[in-house]
Amino acid sequence: MAGLVTAFGSGAMTNSIPDLEQADCILVTGSNTTETHPIIGTRLLRAQRRGTKLIVVDPRRTQMARCADLHLRQRPGTDVVWLNGMARIVIEEGLTDEAFIAERTEGFEELKQAVADYTPERVEGIAGIPPEALIQAARWFGAAERAAIVYAVGITQHTSGVQHVWACANLAMLTGNVGRPGTGVNPLRGQNNVQGACDMGALPVVFPGYQSVGDSQIRETFAQIWKVHADGARRQILPTNPGLTETEMMSAAQRGRIRAMYIVGENPAVSEPDSTHVRRALDSLEFLVVQDIFLSETASLAEVVLPAASWAERDGTFTATDRRVQRIRKAVEPPGEAKPDWQIICELAGRMSARGEWSYADPSEIMAEIAVLTPIYGGVSYERLERLGYLQWPCRDFDDPGTPYLHKGQFARGLGRFHAVRYQEADELPDDEYPLLLTTGRIMFQYHTGTLSRRSPKLEQEAESCFVEVNPVDAQAKGLEADERVRICSRRGAIEARLQITDRVEPGVVFIPFHFAEAAANVLTNPTLDPTAKIPEYKVCAVGIEPLRG
Amino acid sequence: MNYHNVRTACIYCGVGCGMHLEVLDGRVVGVLPAKTHPVSEGRLCIKGWSADAFIHHPERLTRPLIRRDGVLESASWDEALERVAEGLGEVRSRHGPDAVGVLSSAKCTNEENYLLQKFTRAVLGTNNIDHCARL
């Protein structure tokens, strides 16, 4: 998100899921779309059947990669290299959209210089992509009337994740592929309401609608509507200094700087990198309260656990990855004494402070307050959602039909900005001691830390235990046999899993899904963060493998 | 016998497929895809088709729990909320608001995420709020 904000002025998916099918060329990278966003995967394949060129750039031979017209297999962590290489070819071969670059962007000359030495031969040397394939991809993408880039966390979960996103934005702007249907830079959000949680300011540096906590005018507006001026005085009491991210909070807890946590519907004991340390951090807190629908691994460490209603037991809205605000509706009563999260938060706030307004009859009243304080949600109301089915932000007032694609005619920040990005190695690369490169991800049948999906018999039947994908070459070199139990270790810990010998991964690379708490891939992963976006490097770390047989 | 369908959106990934929950006598008994949804157009993936599986799961939390002598035990809402207000309030007054951290969730609604950041900023007095966007 941080990357697209500085390039375009907005961090969200530029286009809509349905309009991606209008593209003549789609470049998918860092997204195992048919497994992790299956319905988008279906749409992309449908577009391909109608003639859209589908290029997949992924270290793994995923289902999507097998279906693609062209599969480029980069070494994990080298995305800047091949993206710069494609940009260089587009410029060399005159496939740029000169009018677009002149009228709508800045920084082109710096970019041109920065990509000049990313020759196809150099790209092959670092990323392992053959020159012919790279040139073909650049020609298809550059020549298309409408070309779209689709990516997911395979691009962002690196120490240089922001550079990867900038390099994607560069390619889109070079070819004039922003601000029209079937184009754009389209990050796919992994969870149902990640987009909404960001939009609503569940982030350490912004209020709802990406309004900076450092801006005194904005703080004043929020303080007024929230009625939090101390005792009616004019003294501003909302905090001004930026807060900590999730991964930063975990290390602050280990250092004793965070002493209490309130965790709602999250399971950092499994989802955070280097999870052994995270458990220790959570254990060392003076006070931990967890609000969830199940006793998750994190909840079982808490002082107090509050039972929440599930999504079938409450009203509200989710915002899908293409900025689409939609209703969810209460179908049944919560079990026992469980309550919707919004009610629990209001009751707790009422107990802790006499300040502010915490009485809402139902979530539609909360949305009314959101609309007042959040310009991009200014035209969202339950009445309109009922009538129209959905609204895509920005939707600024009650006459605004919403926005299917962003940056039409002009970027949110005015001019689109090229960023000259240079390749930087991943933080931890294989060596003699840990000779293999581990990359992590999701599979079709499970979801995130498994709190929900592992309670479905149907999904468990399809995928009930953790596995590690290893190339036949590496398996043979180590004398490993198919389906045997192996131990995978990194500098941070070790787990056991079943061996899958497959050419889905290249020699030297192994893959582990992170859904399984009993063999949590995040025991192994590297918590080093991208310095701007503060995203951990889940997609690259060094590991070793050995058989478990005595 | 009372059977009806409730239109909602899927809980799993960020695509936001449209679905109906089939409700029979106060229990969700199944999921049906929503034909008219602009993105999913009547399709669901295997996770969507299984999205109801955890709703009535026997392991659902049904009462607040408080740790007593190292063990989590059932408690009333009143006791539990009082303990939370004390626990968070004590750390805040002894170590300052920035000693408290809050994690919100992509599983929560917009309204709940909004309230949780409002609670963090206006009641606790810190910007230490985040969720799993990066994970």
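Residues are numbered from 1 along each chain as its sequence is written, and chains are lettered from A, with ligands numbered from 1, in the order in which they are written. Because the model is predicted, local features need pLDDT of at least 70 and side-chain atom pairs count only at pLDDT 80 or more, while totals for chains, interfaces and linings use all residues; side-chain values use heavy atoms, with hydrogens and water left out.

The size of an interface is often given as the accessible area lost when the parts come together. Here, chain B and chain A bury about 10,400 Å² between them, and carbon and sulfur atoms account for 63% of that area (buried area is the accessible area, with a 1.4 Å probe, that two parts lose on being put together, summed over both). Contact, meaning heavy atoms within 4.5 Å, takes in 147 residues from chain A and 98 residues from chain B. Between the two chains there are 60 residue pairs in polar contact, both residues being at pLDDT 80 or more. A polar contact is a pair of N or O atoms within 3.5 Å; within protein, one must be able to donate a hydrogen and the other to accept it, and residues adjacent in sequence count only if both atoms are side-chain atoms. On the side of chain B that touches chain A, helix H2(B) supplies the largest share, with 15 residues. Helices (H or I, at least four residues) and strands (E, at least two) are DSSP runs, numbered from the N terminus. By class, this side of chain B has 51 nonpolar, 25 polar and 22 charged residues; Ala, Val, Leu, Ile, Met, Phe, Trp, Tyr, Cys and Pro count as nonpolar, Asp, Glu, Lys and Arg as charged, and the others, Gly among them, as polar.

Charged pairs come next. Side chains of opposite charge can pair when their charged atoms come close. A salt bridge is a side-chain nitrogen of Lys or Arg within 4 Å of a carboxyl oxygen of Asp or Glu, and the structure holds 40 of these salt bridges over all chains. Ten salt bridges cross the interface of chain B and chain A. One of them links A:Glu337 with B:Arg63, the closest N and O atoms being 3.4 Å apart. In another salt bridge, the closest N and O atoms of A:Arg351 and B:Glu82 are 2.6 Å apart. A:Arg351 lies in helix H17 of chain A and B:Glu82 in helix H2 of chain B, so this pair joins two chains. Accessibility is sorted by relative accessible area: buried means under 20%, exposed over 50%, and partly exposed in between (1.4 Å probe, protein chains only). A:Arg351 is partly exposed at 33%, and B:Glu82 is partly exposed at 36%.

Within chain A, A:Arg180 forms a salt bridge with A:Glu145, with 3.5 Å between the closest N and O atoms. Both residues lie in loops, and the pair ties together parts that are 35 residues apart in sequence. A:Arg180 is partly exposed at 24%, whereas A:Glu145 is exposed at 55%.

Helix H14 of chain A gives a picture of burial. Seven of its nine residues are buried, so this helix is largely enclosed by the rest of the structure. Among the buried residues are A:Met249, A:Met250 and A:Ala252. Just after H14(A), A:Gly256 takes a positive phi of about 80°.
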